[in-house]
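Let's look at this one together. Have a look at the sequence and the model, and then we'll talk through a few questions.

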Amino acid sequence: MSDGRVEMTPALAAYLDALAAPSPLVRRVTGENRGDPGAVMMTHPELGRLLAVLVTASGGRRVLEIGTYLGISATWMAEALRDGGRLDTLEADPHRATRAERWFAAAGLADRVHVMRGPAGATLPGLPDGAYDLCYIDADKPAYPAYLEHAVRLVRAGGFIVADNVLYDGEVVAERPGEHAEALRAFTRAAIDHPRLSTAVLAVGDGVTVSVVRG
Ligand SMILES: C[S@@+](CC[C@H](N)C(=O)[O-])C[C@H]1O[C@@H](n2cnc3c(N)ncnc32)[C@H](O)[C@@H]1O
C-alpha cells in the first residue's frame with residue numbers, strides 16, 4: 001500500500017473477481033461470446049456488479065444504455081430492474097443488435113430489454129427529458145462529451161450517469177494521448193465540473209465515472 005491506495009496484485013484481482021460473482025445468465029452470455037473478436041469490449045464483472053447495485057439504488061424503473069455490443073452489461077442491469085422495469089439499449093452495428101436481441105429472447109429478458117438500432121447520436125435527441133433512472137455510457141469514445149450532455153437531459157434528478165473506460169488502459173495520462181484518450185479526459189473533466197452533476201472517478205475495471213444528477 002502507498003498513499004492509502006492498495007496495489008492490485010493478481011491474487012487481489014482474483015479475490016475481487018470471485019466477489020463479483022456474475023449471475024448464471026451473465027456467465028452464460030460471457031462464456032458463449034468469449035471467442036468473439038470484440039470480446040475485450042465486455043464490461044468488466046466488477047463494473048457489472050456496480051451497475052447492478054446502482055440500478056437497484058436508482059429504483060430500476062427505466063434504464064438507458066449507450067453501447068449494447070452482445071448484451072453483457074445489459075444482462076447485469078436487466079436482472080437488477082424492478083418488476084415492470086425496462087432497459088433501452090442503443091447499438092449502431094446491426095449485426096450486434098440482432099445477436100443481442102436473440103440473446104435477450106433466449107435469456108427470457110425480451111420483455112424488459114429494448115434494443116434501439118442505429119447511431120446513438122440519431123436516437124438520443126428523440127428520447128424524453130428526465131425519463132431514465134440511470135444512463136450507462138459505453139460506446140464510441142470521441143462522442144462521450146456529447147453523450148454526457150444528452151444523459152444530463154435524459155436522467156431524472158437523483159438518478160445516475162455511469163461511464164466506462166475513463167482511464168483507457170492508462171492512456172489518459174500518456175505524454176501524447178490519442179483521440180480516444182483525449183475525449184475521455186475531456187468527458188471526465190466535464191463530468192467533474194458540470195453544475196448539475198456530482199461525480200466520482202473510480203479505478204474499477206478500465207476506470208469508471210459515477211455521477212448523480214442534481215435537482
Ligand atoms: C464497448 S462496446 C459495449 C459493451 C457492452 N456495454 C457490454 O458490456 O456488453 C461498444 C458498443 O458500442 C457500439 N457503438 C459504437 N458507436 C456507436 C454509436 N455511435 N451508437 C451506438 N452504438 C455504438 C459498438 O458497435 C459496440 O457494440
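This is a predicted model: local features need pLDDT of at least 70, side-chain atom pairs count only at pLDDT 80 or more; totals for chains, interfaces and linings use all residues.

Student: Which two residues form the aromatic pair, and is it stacked or edge-to-face?

Tutor: The rings belong to Tyr144 and Phe187, with centres 5.3 Å apart. Their planes make an angle of 75°, and an angle over 60 degrees counts as edge-to-face. So the pair Tyr144 and Phe187 is edge-to-face.

Student: Which helices does the pair link, and how many residues apart are the partners?

Tutor: Tyr144 is in helix α7 (residues 144-154), while Phe187 belongs to helix α8 (residues 179-193). These are distant parts of the chain, α7 and α8, and the partners are 43 residues apart.

Student: Which side chain has a polar atom 2.7 Å from a nitrogen atom of the ligand?

Tutor: Two side chains are worth checking here. Asp138 puts a polar side-chain atom 2.8 Å from a ligand nitrogen. For the 2.7 Å distance to a nitrogen atom, the side chain is that of Ser73.

Student: How much of the ligand does the protein bury?

Tutor: Start with the ligand taken alone, which exposes 610 Å². Of that area, the protein buries 89%.

Notes:
Residues are numbered from 1 along each chain as its sequence is written. Side-chain values use heavy atoms; hydrogens and water are left out. A polar contact is a pair of N or O atoms within 3.5 Å; within protein, one must be able to donate a hydrogen and the other to accept it, and residues adjacent in sequence count only if both atoms are side-chain atoms. Accessible areas come from the Shrake-Rupley method with a 1.4 Å probe; for residues, only the protein chains shown count as cover. Rings of Phe, Tyr and Trp (its six-membered ring) pair if their centres lie within 6.5 Å; planes under 30 degrees apart count as stacked, over 60 as edge-to-face and the rest as tilted. Helices (H or I, at least four residues) and strands (E, at least two) are DSSP runs, numbered from the N terminus.
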